[in-house]
Amino acid sequence: MSSRAARSGPVAAVVSRREILRALEADEFVLHFQPIVELQSGQPRGAEALIRWDHPSRGLLAPDQFLPAIAQTPVISAITDWVLQAACAAAVRWPDWTLSVNVTARDVAGDAFAEQVLAALQAATLPADRLVLELTETALVQDLPRAARTLGELRQHGVGVALDDFGTGYSSMLYLRELPVTSVKIDRVFTSGLRQGSDDLAIVSSLLTLARTVGLTAVAEGVETEPQANLLASLGCPLGQGYLWSKAVPVDKADALHRDGFALTVDGTARVRTRHSRQIDVDSVVVARVHELLARGASLNTIAAALNSAGERTATGSRWHPATVARLINRSAADE
C-alpha cells in the first residue's frame with residue numbers, strides 16, 4: 001500500500017473497486033516522494049513513496065480519498081503490486097537512497113507477497129537493501145507467524161522492514177519480538193509536542209533508547225520546526241521526515257533533491273529553514289480537497305480534521321485549523 005490507508009479523514013470520497021481497477025488499467029496512479037533526512041547533516045538519505053490518483057475529471061486525489069474504500073478488499077493487493085513496481089523503478093534514479101513503501105497487514109500475510117516484492121526488485125534491477133517495507137503497527141496482523149515467515153524471507157534477501165506509527169499501538173512490543181524489524185518510525189503525535197520538559201520528550205527519548213538497545217534505526221515523523229529537529233538530533237535520533245524539509249513531491253522534484261540536496265550555508269553546513277521562514281505553495285491537491293469537502297457540506301472543523309488526518313500541512317508547515325481553512329477558501333475565491 002502506498003500511503004496511510006488506515007488514516008482516512010472523517011470524510012472520504014465514495015469510489016468503487018471497479019473504478020480503482022479501471023484506473024489501474026488506465027495508468028492513472030502516480031507516486032510522490034517525501035524525503036527522509038539525516039538529522040546531523042540536514043540532507044536527504046532516502047524517501048517514502050506515496051500514491052496519488054490523477055483522476056481524469058477530479059484532478060489529483062490524495063490517498064485518503066480512495067484507499068479506504070479498498071483497504072480490506074483483495075483490490076489492495078493490486079494497488080500494492082503497482083506501487084512496488086513503480087517505486088522500485090523510481091528508486092533506480094537515486095542510487096544512494098533507500099526507498100520506503102507502505103504495506104498492509106493483509107499484504108504481508110498473503111501467500112504470494114514475498115514473490116511479489118522480489119519480482120518488483122528484479123524487474124527494476126534494484127538491490128534489495130535499497131527497499132524498505134513499512135508496516136503500520138495499528139494495522140493488526142491477524143496471522144503473525146505467516147507474516148514473520150514472509151518478512152523473514154525478504155530480510156534474507158536484504159529488504160528492510162520498518163514498523164510505522166511506532167509507539168501508538170498496543171502491538172509495538174509484540175511486533176518487535178515476532179517480526180524481523182530493522183527500523184522504527186516514531187509517530188508524529190509524539191514529535192509534534194516535542195520540547196524541553198514535555199511528556200513527549202520523555203516518550204521519544206525512551207523510544208530511541210529502546211530502538212538503540214535492540215539495534216534498530218529510528219526515523220522521527222512529522223518534524224515541522226528546526227527546534228524539533230535539533231532536539232531529536234541531540235537525543236541521538238539519526239533520521240527525520242516532515243514538512244520542515246519537504247512535502248511529498250513528484251519524481252522530477254525528487255530528482256532535484258537527490259541532485260542538489262537542501263540549501264547549504266557559506267561554511268558548507270546544511271541550512272534547515274524553519275516553518276515560519278519558508279514558504280511552500282499549498283498543494284493543488286489540498287485546494288481541490290478543501291473545495292470538494294466544502295461542496296459536500298463539510299464544516300470548517302471537519303475539513304481541517306480531514307487535512308490533518310491525511311498528513312497535509314499549511315503553506316507555513318503548520319497543522320490546519322478552521323481559520324486557516326477559511327482563509328484558503330477566501331483566497332481561492334478571490335483568485336477565481
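Residues are numbered from 1 along each chain as its sequence is written. Because the model is predicted, local features need pLDDT of at least 70 and side-chain atom pairs count only at pLDDT 80 or more, while totals for chains, interfaces and linings use all residues; side-chain values use heavy atoms, with hydrogens and water left out.

Helix H1 covers residues 17-25; helices (H or I, at least four residues) and strands (E, at least two) are DSSP runs, numbered from the N terminus. Ile20, Ala23 and Leu24 of H1 are buried, where buried means under 20% relative accessible area, exposed over 50%, and partly exposed in between (1.4 Å probe, protein chains only). Down the axis of H1, the buried residues fall within an arc of 100°, so they line one face of the helix; the arc is that of the directions from the helix axis to the C-beta atoms. Arg18 and Glu25, on the other side of H1, are exposed. The buried residues of H1 pack against strands S1 (29-38) and S2 (43-55) and against helix H2. Aspartate 27, which follows H1, has a positive phi near 60°.

In S1, eight of the ten residues are buried. S1 and S2 run antiparallel and are joined by ten bridges; two strands pair if DSSP finds at least two bridges between them. Proline 35 stands opposite alanine 47 in S2. Four residues lie between the strands of this hairpin, in which glycine 42 has a positive phi near 75°. S1 is also joined, by two bridges, to strand S9 (residues 239-240), and these two run antiparallel. Glutamate 38 has leucine 239 in S9 as its bridge partner.

The largest nonpolar core has 82 residues, and Phe29, Ile79 and Leu133 have the most contacts inside it. Such a core is a set of buried Ala, Val, Leu, Ile, Met, Phe, Trp, Tyr and Cys residues joined through side-chain atoms within 4.5 Å. Helix H2 (residues 75-91) gives the most to this core, with ten residues. Apart from this core lies another of twelve residues, including Val290, Ile303, Ala304 and Val325.

Beyond its neighbours within four places in sequence, isoleucine 79 is in contact (heavy atoms within 4.5 Å) with Ile20, Leu24, Phe29, Ile51, Leu67 and Ile70.

Glutamine 65 lies in the loop between strand S3 (59-61) and H2. Glutamine 65 is buried, with a relative accessible area of 2%. The side chain of glutamine 65 makes a polar contact with that of glutamate 292 (2.5 Å). A polar contact is a pair of N or O atoms within 3.5 Å; within protein, one must be able to donate a hydrogen and the other to accept it, and residues adjacent in sequence count only if both atoms are side-chain atoms.
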